[in-house]
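Colleague: Could you walk me through reading a few features of a model, starting with its charged pairs?
Modeller: Gladly, let's look at it together.

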Amino acid sequence: LPPKPEQLKRELRRIVTELVDRAQRAGTVRADVGAADITMLFAGIAHVAALPGVDTAFRTRYLAIVLDGLRPLNQTPLPGTPLSYEQLDRARLATTSTRP
């Protein structure tokens with residue numbers, strides 16, 4: 001049987017966290033970015049890419065912009081601190097519970 005959505009979400013989060021940690025240790029990703037930040041950025045790109053009529057060049061463009069922004073070269077300090085996945089889940093629940 002295929003894994004349940006909650007299992008897939010946990011496994012994907014574990015993998016993204018590990019990849020971000022490894023990239024930060026290698027010095028290829030900014031130290032002030034968290035795994036949940038990466039998840040949200042790529043979710044945004046996926047959302048735009050799924051819109052009808054959107055040229056695939058935009059997906060490639062947005063991905064390049066995000067990847068360039070994640071590099072630690074000539075970085076500008078980011079406001080705030082990265083959200084944890086738990087904080088992200090709480091924010092999503094708060095948003096969905098207040099909708100009519």
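Modeller: One thing to keep in mind is that this is a predicted model.

Colleague: Understood. How many salt bridges does the structure hold?

Modeller: There are eight salt bridges in the structure. To read one, I look at the separation of the closest N and O atoms, then at where the partners sit. Take glutamate 18 and arginine 22: their closest N and O atoms are 3.8 Å apart, which falls inside the 4 Å cut-off for a salt bridge.

Colleague: Where do glutamate 18 and arginine 22 lie?

Modeller: Both belong to helix 1, residues 5-26, and they are four residues apart, about one turn of the helix. Glutamate 18 has 37% relative accessibility, so it counts as partly exposed. Arginine 22 is also classed as partly exposed, because its value is 48%.

Colleague: And arginine 30, is it buried or exposed?

Modeller: Arginine 30 is buried, because its relative accessibility is 6% and the cut-off for buried is under 20%. Arginine 30 forms a salt bridge with aspartate 32, with 2.8 Å between the closest N and O atoms. Aspartate 32 has 26% relative accessibility and therefore counts as partly exposed.

Colleague: Let's turn to nonpolar side chains. Which residues form a nonpolar patch on the surface?

Modeller: Leu41, Phe42, Leu63 and Leu67 do, and together they have about 280 Å² of accessible area. Helix 2 (35-50) and helix 3 (56-70) are the elements that give two or more residues to this patch. Leucine 41 is in helix 2, and at 36% relative accessibility it counts as partly exposed.

Colleague: How should I read the packing of two helices?

Modeller: The description uses the angle between the two axes and the distance between those axes. Here, helix 2 packs with helix 4 (residues 85-97) at an angle of about 50°, and the axes are 8 Å apart. That angle makes helix 2 oblique to helix 4.

Colleague: Which residues meet where helix 2 and helix 4 pack?

Modeller: From helix 2, Ala35, Ala36, Thr39 and Met40 take part. They meet Tyr85, Leu88 and Arg92 of helix 4.

Key
Residues are numbered from 1 along each chain as its sequence is written. This is a predicted model: local features need pLDDT of at least 70, side-chain atom pairs count only at pLDDT 80 or more; totals for chains, interfaces and linings use all residues. Side-chain values use heavy atoms; hydrogens and water are left out. Buried means under 20% relative accessible area, exposed over 50%, partly exposed in between (1.4 Å probe, protein chains only). Patches are made of residues with over 30% relative accessible area and no salt bridge: like charges are joined within 9 Å, nonpolar side chains (Val, Leu, Ile, Met, Phe, Trp, Tyr) within 5 Å. Accessible areas come from the Shrake-Rupley method with a 1.4 Å probe; for residues, only the protein chains shown count as cover. Axes are lines fitted to C-alpha atoms, for helices over the stretch in contact, and angles run from 0 to 180 degrees between N-to-C directions. Angles under 35 degrees count as roughly parallel, over 145 as roughly antiparallel, 65 to 115 as roughly perpendicular and the rest as oblique. Contact means heavy atoms within 4.5 Å.
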